[in-house]
Amino acid sequence: MAEREAVDDYLQGYAQILAGAGATGRKLTRDELDALRAQGERAAEAGLGLRLMVRAHLSAAQVAHAEARGATAGRLLGAVEQAVDAFAEGHERAQRLAIRRQEATRREFIDDLLHGRSDPGRLAERAARFGLLLSHAHAVAVAEGPEPYDDGYSVTRGIESTLAVRFGDRRILLTTKNGRLICIAPGDQDDVLSFFAKQAYAATDGGRVAIGRAHAGVGGVVHSYEEALNALDLATRMHLDDPVLYAADLLVYPVLTRDRQAMADLVSTVLGPLQDARGGARPLIDTLATYFDTGCVAAEAARRLSLSVRAMTYRLERIRRLTGVDPGNPVDRYTLQTAVIGARLLDWPDERL
């Protein structure tokens, strides 16, 4: 009964419009169409569905048709078509505006969440509307591909749909930021982020995914998000090939760069002499990096660098003579490897120390 009364509120004047138009066969006036559009907007804002309202208009039109006589009844169809179309236009316009407002609200929340802005209490309250309980620990996965992605892209919608089918009503938030896909999940649900990483890697045509550690509280999401971003940056600097990176596995690198000046001194002292080599320091640094990546197996390093074993051996000897540090000596090897890691992290020799 209450719903019927609510619907009737948005049919006021409709019967009179049909009667007036049906009597002469005229088209609806601009004022009548505007009034119908306005009613459609108000109905949408009140939460009344379009199908419900169209049925109500058609039912009212049937009553008007039954009461009409002669030519008037035959002319009602055109008036009903115009009236329902105008009402639907207003209803759809209000829905589009509401969706845009919701999208703007969601985007503002995401920006505040990932940058730690806004009052913590207020942020936690807003998070609950999107299914997140910030009093619990959360972890963040960030995926990037060959092109930027946004909320409306098919890749984003596809992954979101797959997550919904797989995990149902779990408290998961999928969004985008700066062209990357972002998944926020409870910290004790590793299967969610692992599944997201697998789907994102496939959907982005071989992109890369980084997963931050789980952290509690309002600032936990920010912390995990920043860890994931740093992991992606490290992967680029260190030429890491893994499609999925875990921040927990890369903690040594932030430790090494915590004292940037000390690392710069190490790189400059140990690897600086390589700049005197023909061709500069870069080829020899790449040689060392490959040598260490292969577990110090010269033959495998030579293969990866498309060198003969003899040429590889010559390069290692050249490095020993220039630096005074022997890659084959276990003690010297640690110093060299740390310096090579530092060179990559500091982008040396391309960037000045």
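**Note on the sheet and the aromatic pairs**

1. Phe 167 has a relative accessible area of 7% and is therefore buried, the cut-off for that class being under 20%. Phe 195 is buried as well, at 13% relative accessibility. The model is a predicted one.

2. The number of aromatic pairs in the structure is 2. In one of them, the ring centres of Phe 167 and Phe 195 lie 5.5 Å apart with the planes at 85°, so this pair is edge-to-face; that label needs an angle over 60 degrees. The two residues are 28 positions apart and come from distant parts of the chain: Phe 167 belongs to helix H7 (residues 154–167) and Phe 195 to helix H8 (residues 190–203).

3. Tyr 291 and Phe 292 also pair, with ring centres 5.8 Å apart; because their planes stand at 50°, the pair is tilted. Both of these residues are buried.

4. The sheet is open and has 5 strands, ordered E2-E3-E1-E4-E5, with mixed pairing. Its edges are strand E2 (173–177) and strand E5 (244–246); each has a single partner strand, so one side of each has no neighbour in the sheet. On average, and ignoring direction, neighbouring strands are turned by 20° against each other.

5. Strand E1 (residues 138–144) is antiparallel to strand E4 (residues 208–211), and 4 bridges join them. Within E4, Arg 208 is the residue opposite Glu 144.

6. How many residues of E3 are buried? The count is 6 of 7, which leaves E3 mostly covered. E3 pairs with E1 in the antiparallel sense over 6 bridges, and Ile 184 in E3 is the bridge partner of Val 140.

7. E3 also pairs with E2, again in the antiparallel sense, over 5 bridges. Here Cys 183 in E3 is the bridge partner of Leu 174. E2 and E3 make up a hairpin with 2 residues between the strands, and Asn 178 in the turn has a positive phi of about 55°.

Definitions and conventions. Residues numbered from 1 in each chain as written. Predicted model: local features only at pLDDT ≥ 70, side-chain atom pairs only at ≥ 80, totals over all residues. Heavy atoms only, no water. Phe/Tyr/Trp six-rings, centres within 6.5 Å; stacked < 30°, edge-to-face > 60°. Buried < 20%, exposed > 50% of the residue type's maximum accessible area, 1.4 Å probe, protein only. Pairing = 2+ DSSP bridges. Axes fitted to C-alpha atoms, helices over the stretch in contact; angles between N-to-C directions.
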